[in-house]
Structure formats: structure tokens, C-alpha cells
Amino acid sequence: MPQFAFLEGQPFWVIYCTLLVVILLRAPATYWIGRGLGAGVTRSRMGERLGPKLDAAKQRIDRYGAPVVTLSFFTVGMQTAINFSAGAVKMRFPRYFAAVFVGGLAWAGLWGTVIAGLVGTWLELFLRSPWTAVGVIVIAVAAVTALVVRSRLASRSRRAEESAAQPETASAP
């Protein structure tokens, strides 16, 4: 965990609280940047053309967006985009911050234990044997790819069976 090297050797509660503070500062900062840029888009010609569609989208996101914001903390790469988008469409801040707080509690726990352990272990392996570390990544990517392909093939097979069985049940009285 190079960006958090100062936390090395600290008790878990110190690591957890530090990571929670980091996320509770970073996520709302992204929200406010999005809110500022979103205000400009709303006043632009594009915002005028979208008019009622943009208002409907804003209402839906304000109403249903909190779970999406919370779940974004379990993703890699989507968290910033979702926080930015919540600001751009002017999701109400109290609702947004409650979702960030819940997601942040989970994120700090995950990052402080599981993810930091995996990343730290992989970095140590990389420093000792870069080729082995790259091999571990290749194997992990191959395993995930195999699981995704297997899942898609099973899903496709189920759909084919369902569509084949469909006419038989429809012709029966």
C-alpha cells in the first residue's frame, strides 16, 4: 500500500479511521466538482434541448441513486464516475452523503483488510520476482475470463432450452 505507507504497522482501528476520513473527503470533493460542471451543462444549449428529459433523469437519480452510490464503493473504476455524476445531476447532498458514509464504512474495511493485503502481498512478490508476480496476474485474468465465458455459455444454453421448450407448451391445450 505505497500511498498509505505511513499506516504500516498501525493498529487496524487507526487504518480503518484514516481510510474512512480519506473517502469521506475524496468522494464529496468529486461530487462538488461534478455539481459545478453540471450547473454549466444545465445552463447550456444542450441542457435547454434536453429540458424535461434532464429533469426526469435528475428526479430518478435523486430518488434511486443512493443505493448506486453506496454500491459504487464495491467497484473498481466506477466509484469516481458515479460520485461525479451524482453531483452533475444535483442529487440532494444529505441523501448523497448518507450513501457515501455507508459505502465508505464498507470501503474502509475492505481496503484496510482484504484489498490492502492482496495488493501488499502482490507488491512484495513483484519486488522479489517480477515474472512470478506477472504470472499470478495472468493466471487470475485467465481464471476470471474462464468463469465469465462459462457463465455466458450456460446462460445461452438455458435460453436455447427455454426457447425450444416454449412452442411445446404453447401448443398443448
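E124 is partly exposed, with a relative accessible area of 44%. Here buried means under 20% relative accessible area, exposed over 50%, and partly exposed in between, using a 1.4 Å probe and protein chains only. The model is predicted, so local features need pLDDT of at least 70 and side-chain atom pairs count only at pLDDT 80 or more, while totals for chains, interfaces and linings use all residues. Residues are numbered from 1 along each chain as its sequence is written, and side-chain values use heavy atoms, with hydrogens and water left out.

What does E124 pair with? Its partner is R128, and the closest N and O atoms of this salt bridge are 3.1 Å apart. A salt bridge is a side-chain nitrogen of Lys or Arg within 4 Å of a carboxyl oxygen of Asp or Glu. Side chains of opposite charge can pair when their charged atoms come close. R128 and E124 are separated by about one helical turn, because they are four residues apart in helix α4. R128 counts as exposed, at 67% relative accessibility. By the salt-bridge rule, the count comes to one.

Next comes a nonpolar patch on the surface. F126, L127, W131, V134 and V138 form this patch, with about 590 Å² of accessible area together. Residues join a patch if they have over 30% relative accessible area and no salt bridge; like charges are joined within 9 Å, and nonpolar side chains (Val, Leu, Ile, Met, Phe, Trp, Tyr) within 5 Å. The areas come from the Shrake-Rupley method with a 1.4 Å probe, and for residues only the protein chains shown count as cover. Two elements, α4 (93–128) and α5 (130–171), each give two or more residues to the patch. Helices (H or I, at least four residues) and strands (E, at least two) are DSSP runs, numbered from the N terminus. Helix α5 supplies the largest share, three residues. V138 lies in α5. Is V138 buried or exposed? V138 is exposed, at 52% relative accessible area.

Now turn to the rings. The structure holds nine aromatic pairs. Rings of Phe, Tyr and Trp (its six-membered ring) pair if their centres lie within 6.5 Å; planes under 30 degrees apart count as stacked, over 60 as edge-to-face and the rest as tilted.

K90 sits in the loop between α3 (79–88) and α4. Its phi is near 60 degrees, a positive value in a residue other than glycine. K90 counts as partly exposed, at 35% relative accessibility.

Finally, the record. UniProt, in an unreviewed entry, lists residues 12–114 for "domain: VTT". UniProt positions are given in the numbering used here, feature names are shortened, and annotations may be inferred rather than shown by experiment. In the model, the span 12–114 is 88% helix and 0% strand, and its end C-alpha atoms lie 12 Å apart. For "transmembrane region", the unreviewed UniProt entry lists residues 12–33, 64–84, 96–119 and 131–149. Residues 131–149 are 100% helix and 0% strand, with end C-alpha atoms 27 Å apart.
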